[in-house]
Amino acid sequence: MAVPAVESSPGRSVYGLRVYGLDDVAELTAPNDDDHGGDEFAVRVSQVDADRPTVVAMDAARNVLLLADGRHLEMDRHAGTARFYGPPLEVDRLAHPYLAPVATTFNRWLGRETFHAGAFVVAGQAWVVAGVRTAGKSTLLAALADRGIPVLSDDITITDGTVAYAGPR
């Protein structure tokens, strides 16, 4: 159920999404169509310095959020777009933490589960690290990474029940 995209680049892969507009962000991996059967949903991320849309509750096709820093984020499922309204951000900051609400919204539309949790891999299995804010999730994941354990995500874990999708590196 991927959105048709006419793009000049292959995009980047993150949270089970094929993200366009952030091709220069090193924390996002190049897509590999062999992974998960190429089931990534295409999303075009952009920044807009214009009048902000009115906040609306998420429905089956649209979601407009007011972010903690005063920016608005408008997402359209059918168009496959995520637009940030407000002063421009460096593109690497869009990868983390600003892609989290984009990933959460689009993956919920796709019927995937989303968790405020990190994840790592041992013996080919993903293990989720959950806990309240400041519980030490990121500290534990950093310690695992220092020991060579692959970390899938630090802040948001998304799964379809079979696959746990990688977040920004």
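Pro97 is found in helix α1. Helices here are DSSP runs of H or I with at least four residues, strands are runs of E with at least two, and both are numbered from the N terminus. A cis peptide bond joins His96 and Pro97, with omega of about 20°.

This is a predicted model, in which local features need pLDDT of at least 70, side-chain atom pairs count only at pLDDT 80 or more, and totals for chains, interfaces and linings use all residues. Residues are numbered from 1 along each chain as its sequence is written, and side-chain values use heavy atoms, with hydrogens and water left out.

**Around His96**

His96 counts as partly exposed because its relative accessibility is 39%. Buried means under 20% relative accessible area, exposed means over 50%, and partly exposed lies in between, using a 1.4 Å probe and protein chains only. Leaving aside neighbours within four places in sequence, His96 is in contact with Asp154, Asp155 and Pro168. Contact means heavy atoms within 4.5 Å. Glu27 is 69 residues from His96 in sequence, yet the C-alpha atoms of the two are 8.5 Å apart.

Tyr15 lies between β1 (12-14) and β2 (17-20). Ala123 lies between β8 (117-122) and β9 (125-130). Their surroundings are set out below.

**Strand β5 and its partners**

Strand β5 covers residues 72-76 and is mostly covered: four of its five residues are buried. Strands pair if DSSP finds at least two bridges between them. β5 pairs with β4 (residues 62-66) in the antiparallel sense, over five bridges. Within that pairing, Asn63 has Met75 of β5 as its bridge partner. The β4 and β5 hairpin has five residues between the strands, and Gly70 takes a positive phi near 95°.

β5 also pairs with strand β6 (residues 81-85), in the antiparallel sense and over five bridges. Here the bridge partner of Glu74 is Arg83 in β6. Four residues separate β5 and β6 in their hairpin, where Gly80 in the turn has a positive phi of about 65°.

**The whole chain**

The protein chain has two helices and twelve strands. Along the sequence they follow the pattern β-β-β-β-β-β-α-β-β-β-α-β-β-β. The radius of gyration is 16 Å, close to the 15 Å that the globule rule gives for 169 residues, so the chain is as compact as a globular protein of that length. That radius is taken over C-alpha atoms, and the rule is 2.2 Å times the number of residues to the power 0.38. Along the principal axes, the C-alpha atoms fill a box of roughly 45 × 35 × 30 Å.

Of the 169 residues, 41% count as buried. Among contacts with a separation of 6 or more, 57% come from residues 24 or more positions apart. The chain exposes about 9000 Å², and carbon and sulfur atoms supply 52% of it. Areas come from the Shrake-Rupley method with a 1.4 Å probe; for residues, only the protein chains shown count as cover.

There are 15 positive and 22 negative side chains, and the centres of the two sets lie 4 Å apart. Lys and Arg count as positive, Asp and Glu as negative, while His and the chain ends are not counted. Each charge is placed at NZ of Lys, CZ of Arg, CG of Asp or CD of Glu.
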